[in-house]
Amino acid sequence: MRSTPALIVGGGPAGASAAITLARAGAPHLLVERSRETGDAICGGFLSWRTLESLARLGVAPEMLGSARITRTRIIAGDRVVEAALPRPALGVSRRTLDTVLLAQAVSAGAAIERGVTVRGLVGTTATLDDGATLASDTLFLASGKHDVRGMARPAEARGDDPVLGLRVRIAAAPGLTRLINDAVELHLFDRGYVGINLQEDGSANICMAVHRSAMLAAGSPAVLLDALARDHPRLGERLAYRGGGETIDAIANVPYGWRALRSDPGVFRLGDQAGVIPSLAGEGMGIAIASGIRAANAFLAGGAAAAPRFQSDFARATRRPITLAGLVRDAAERPRLALAALPLLSHIPGLIDTIASLTRIGHSPLDHSPR
């Protein structure tokens, strides 16, 4: 049985951020990632101004992530459209690029990373691997994203009575599509779901959808659902018309939006979606992932494995406002009558969209800065 003082499970933004922070401090650790090559994960695609500040503290400058600048938000429900400037510029970045840059930064900082290692189960801070071997540690950083690991799974009831399915399609760059979306992040609202769209660093459009299982079952399949939405919602249909027909539709089931880890055991730090799941329409999932990685690593450096329970309760407090507010917005967005009634308020009350965009960001903390 191998052992390491600190085991990081998952090489996404949360795990990589923790690895960078530990490596910079010279703290022994090991990050294990199940994929051998960096792919384009289903979640992410939008980095807020706050997230860009966190990345800068990890040595990742915006120029390293491309030039898909986003300065506006556009909300579309039926034939109504509301636009507003974002509080500060954001970036559209694919997960392939973000994860590649962060893992390269971790390696450059001296992080210990093993790829192609799948953790099948956890007992305390000891991991059972795909080949049956065990990997013991004094401290566990659980950063497996939306994928639960046996022994540390989030509670089934967090999924709700009508669970949410996440879908993602990428449409290749096209001049007409660029003119439609331009420098905006779009939110298209429909019954029991919504679609978020923005351009990314290669000009492609990242189209992410959150839809309840009942709506998916009524449609029959993701492809049929997309066709029906394109037919019933003309502005969304204009964007989806640029599909070539061969695009892969990525999917993930049972996303527990709104769930937060309120506590943990000594030695166990839960990061990213294993710490709290914000509805994707807020565009703060990557912000929470990166902030959790930095804060957990700094808490560990300051207080060791015993600091985990305090970190988890503090982080749950820090994410309460953005996750709760994003949940309320999502509840309204998924109800067509309510959404149509609320849109005039967004257009007639100056600064309302700006305020919501700001309040759904995770705030900065003294733990964002290294204690050393």
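Biologist: Which residue stands opposite T73 in β11?
Modeller: V185 does. This is a predicted model, where local features need pLDDT of at least 70, side-chain atom pairs count only at pLDDT 80 or more, and totals for chains, interfaces and linings use all residues. Residues are numbered from 1 along each chain as its sequence is written, and side-chain values use heavy atoms, leaving out hydrogens and water.

Biologist: What makes β4 and strand β11 (residues 184-190) a pair?
Modeller: Two strands pair if DSSP finds at least two bridges between them. Here 5 bridges join the strands, which run parallel. So β4 and β11 count as paired. Strands themselves are DSSP runs of E, at least two residues; helices are runs of H or I, at least four; both are numbered from the N terminus.

Biologist: How do you know that β4 (residues 69-77) pairs with β5 (residues 80-92)?
Modeller: There are 8 bridges, in the antiparallel sense. A77 stands opposite R80 in β5. The hairpin has 2 residues between the strands, and G78 takes a positive phi near 60 degrees.

Biologist: Why is F300 called buried?
Modeller: Buried means under 20% relative accessible area, exposed over 50%, partly exposed in between (1.4 Å probe, protein chains only). F300 has 14% relative accessibility, so F300 counts as buried.
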